[in-house]
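Here is a short walk through one protein structure. Keep the sequence and the 3D view open as you read.

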Amino acid sequence: MANTGIYKDPKKSAYSIEYYDSEPERQFMDFLEQSEEVVKWTKNHGIRIPYFNLDDKLAHYTPDFLIEYKNGEQEIVELKGSHMINNPITRRKSQAAMEWCKKRGIKYTLKEV
């Protein structure tokens with residue numbers, strides 16, 4: 001997906017800018033900024049989740065968003081286009097992220113856009 005850019009002056013991020021990789025990501029940033037349930041969010045979280053790629057070699061995946069809600073819960077959200085949602089590598093990354101998040105008490109959501 002094209003349409004990369006800079007999201008300027010987010011109020012709920014610790015950073016003065018956030019980068020987006022697609023128009024759906026930019027729209028999701030707008031949603032997070034407007035949501036009364038969201039306290040903080042960022043794409044610049046530094047989380048790298050290990051998984052095994054299609055060659056069964058160890059790789060790392062950086063999920064799209066880390067979100068914190070008013071109730072203290074945290075969630076990692078990965079946005080994927082419908083053409084990628086059932087891709088084998090997406091499934092591997094998603095499974096690894098679910099396990100990683102479960103161990104840390106964080107919710108994981110794979111969101112089709």
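Ile17 is partly exposed, with 30% relative accessible area. Buried means under 20% relative accessible area, exposed over 50%, and partly exposed in between, using a 1.4 Å probe and protein chains only. Ile17 belongs to strand 2. Together with Ile6 and Tyr19, Ile17 makes a nonpolar surface patch of about 270 Å². Patches are built from residues with over 30% relative accessible area and no salt bridge; like charges are joined within 9 Å, and nonpolar side chains (Val, Leu, Ile, Met, Phe, Trp, Tyr) within 5 Å. Accessible areas come from the Shrake-Rupley method with a 1.4 Å probe, and for residues only the protein chains shown count as cover.

A word on the model and its numbering. This is a predicted model: local features need pLDDT of at least 70, side-chain atom pairs count only at pLDDT 80 or more, and totals for chains, interfaces and linings use all residues. Residues are numbered from 1 along each chain as its sequence is written, and side-chain values use heavy atoms, with hydrogens and water left out.

Turn next to helix 1. Helix 1 covers residues 23-34, 12 residues in total. Helices (H or I, at least four residues) and strands (E, at least two) are DSSP runs, numbered from the N terminus. From first C-alpha to last, helix 1 reaches 17 Å, close to the 16 Å expected at 1.5 Å a residue. That expected span is 1.5 Å times one less than the number of residues.

Which residues of helix 1 are buried? They are Glu25, Phe28, Met29, Leu32 and Glu33. Seen down the axis of helix 1, these buried residues fall within an arc of 140°, so they line one face of the helix. The arc is taken from the directions from the helix axis to the C-beta atoms. The buried residues pack against strand 1 (5-8), strand 2 (17-20), strand 3 (38-42), strand 6 (65-69), strand 7 (74-80) and strand 8 (107-112). Contact here means heavy atoms within 4.5 Å.

A salt bridge is a side-chain nitrogen of Lys or Arg within 4 Å of a carboxyl oxygen of Asp or Glu. Arg26 and Asp30 are 4 residues apart in helix 1, so about one helical turn separates them. Arg26 is partly exposed, at 23% relative accessible area. Asp30 is partly exposed too, at 23%.

The structure holds 10 salt bridges. Now look at Lys43. Lys43 forms a salt bridge with Asp21, with the closest N and O atoms 3.4 Å apart. This pair links distant parts of the chain: Lys43 sits in the loop between strand 3 and strand 4, Asp21 in the loop between strand 2 and helix 1, 22 residues apart. Lys43 is buried, at 16% relative accessible area, while Asp21 is partly exposed at 40%.

Lys43 also meets Asp64 in a salt bridge (3.8 Å, N to O). Asp64 lies in the loop between strand 5 and strand 6, 21 residues from Lys43. Asp64 is buried, at 9% relative accessibility. Asp21, Glu25, Lys43 and Asp64 are linked in a network of salt bridges.

Finish with two loops. Asp9, in the loop between strand 1 and strand 2, has a phi near 55°, a positive value in a residue other than glycine. Asp9 is partly exposed, at 48%. Asp56 lies in the loop between strand 4 (49-52) and strand 5 (58-61). Its phi is positive, about 60°, although Asp56 is not a glycine. Asp56 counts as exposed, at 54% relative accessibility.
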